[in-house]
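Trainee: Before I rely on the labels attached to this model, could we go through them one at a time and set each value against the rule behind it?

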Amino acid sequence: MALIIPKQYKLKLLPETTEQAIKTLKVCFQDKLSKALNLRRVTAPLFVLAGTGINDDLSGSERAVSFPIKCMGDRKAEVVHSLAKWKRMKLGYYGIAPGYGLYTDMNAIRADEDLDNLHSLYVDQWDWEQTIKLEDRNLDYLKNVVRKIYGLIRELELMVYNSFPHITPVLPDEITFIHSEELLQMYPGLSPKDRETEAAKKYGAIFIIGIGNELSNGKPHDGRAPDYDDWITKNSDGYYGLNGDIILWNQVLECPFELSSMGIRVDKDSLLKQLEKRDCMERTNLEFHKSLLNETIPLSIGGGIGQSRLCMFLLQKAHIGEVQASIWPEEQMAECAAHNIPLL
């Protein structure tokens, strides 16, 4: 997306005050998240070995930043894209019981991002994963977790208001659940991103279900790797998918604002179906996939919640560079400076 310069943008917090608010928000949110979902903090890797299947492919087109390891015969390591599969293996390693899980600070580099108000080379998020039972692999369980996370976001929004009364809350009381197929039927002539725009603007906060599988028009709403979220299982609403995205309406930028991608993870059967559908059956020979097919790692639900994005939204900033330090094109930095949008 092109850089957005909001009309009559007013800086609501100076950079120094913003830094303090960022710290408070990050500490409070991870504490609330851990209590709400029974999660404990673990230490995460910045990079993993290539060729193990542990790194995530996201939509399948992003290149991982990699480097050779001299003392290991130049074996290649990759900076993580996210930790969806790594976390699940950790659940099994620690023997975490159903209903409990883990979270971590995930830092990544996504060199292929188009840099704008929402996208940065540097990605920071809370990656979390919770062990579940077989009977929990359903849409109701997913929705319950989404509601808990959304409730925490609204709690922090009120906390910001109590500290800075000129930053008034904008989120609706409830988040609206919409399947990607329903979204297609609502707006058949629009692109997936334009559908998100219309729905997010209408409801204020939505969770789009079933991202990854083909819809009735033969195209997926958006790309998803075949080996972490389950987007192929038929759910209780009669559609396909046990995953989705939390998307808010950003009133500063007047655009949809994706805050979290999450879902119930694949089991043995759905993994095989999704690998076959994406013509990736060779992955069954990789370490992670072998463990899953041998059922030596637990069933789980998990996702990632953008740290900088959460701070950006709650502090009503116009650019993610106002809440994180990264690299931006010189012309973008100049345009932001000209419109009183200070990048850290």
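Mentor: Let us start with the salt bridges, of which the count comes to 19 under the rule that a side-chain nitrogen of Lys or Arg must lie within 4 Å of a carboxyl oxygen of Asp or Glu. The model is predicted, so local features need pLDDT of at least 70 and side-chain atom pairs count only at pLDDT 80 or more, whereas totals for chains, interfaces and linings use all residues. Residues are numbered from 1 along each chain as its sequence is written, and side-chain values use heavy atoms, with hydrogens and water left out.

Trainee: What makes Arg41 and Asp105 a salt bridge?

Mentor: The closest N and O atoms of Arg41 and Asp105 are 3.3 Å apart, which is within the cut-off, and therefore the pair qualifies. Arg41 lies in strand β1 and Asp105 in strand β5, so the contact ties together parts that are 64 residues apart in sequence. Strands here are DSSP runs of E with at least two residues, while helices are runs of H or I with at least four, and both are numbered from the N terminus.

Trainee: Are Arg41 and Lys87 buried or exposed, and how do you know?

Mentor: Arg41 has a relative accessible area of 46%, and Lys87 has 0%. Buried means under 20%, exposed over 50% and partly exposed in between, with a 1.4 Å probe and protein chains only; Arg41 is therefore partly exposed, and Lys87 is buried. Lys87 forms a salt bridge with Asp127, their closest N and O atoms being 3.5 Å apart, and Asp127, at 2%, counts as buried too. Lys87 and Asp127 also belong to a network of salt bridges that links them with Glu129, Asp229 and Arg265.

Trainee: Why is Glu78 said to have no salt bridge?

Mentor: Glu78, in strand β4, is buried, and its nearest side chain of opposite charge, Lys76, is 4.5 Å away. As for charge, Lys and Arg count as positive and Asp and Glu as negative, with His and the chain ends not counted. Among the residues that Glu78 touches are Leu46, Phe47, Val48 and Asn55, where contact means heavy atoms within 4.5 Å and residues up to four places away in sequence are not counted.

Trainee: Why is the group containing Phe207 called a nonpolar core?

Mentor: A nonpolar core is a set of buried Ala, Val, Leu, Ile, Met, Phe, Trp, Tyr and Cys residues joined through side-chain atoms within 4.5 Å. Phe207 is a buried residue with a relative accessible area of 0%, and it is one of those that touch the most other members of the largest core, which has 56 residues. Helix α3 gives the most to this core, with 11 residues, and apart from it lies another core, of 21 residues, among them Val48 and Phe288. Leu33, a further member of the largest core, touches Leu39, Trp126, Trp128, Ile149, Leu152 and Ile305, again leaving out residues up to four places away in sequence.

Trainee: How do you know that the length of α1 agrees with its number of residues?

Mentor: The expected span is 1.5 Å times one less than the number of residues, so the 23 residues of α1 should span 33 Å, and the end C-alpha atoms are 32 Å apart, which agrees. Buried residues of α1 include Ala21, Leu25, Phe29 and Leu33, and its buried residues pack against β1, β5, β6, α3, β11 and α8. After α1 comes Asn38, whose phi is positive, near 60°.
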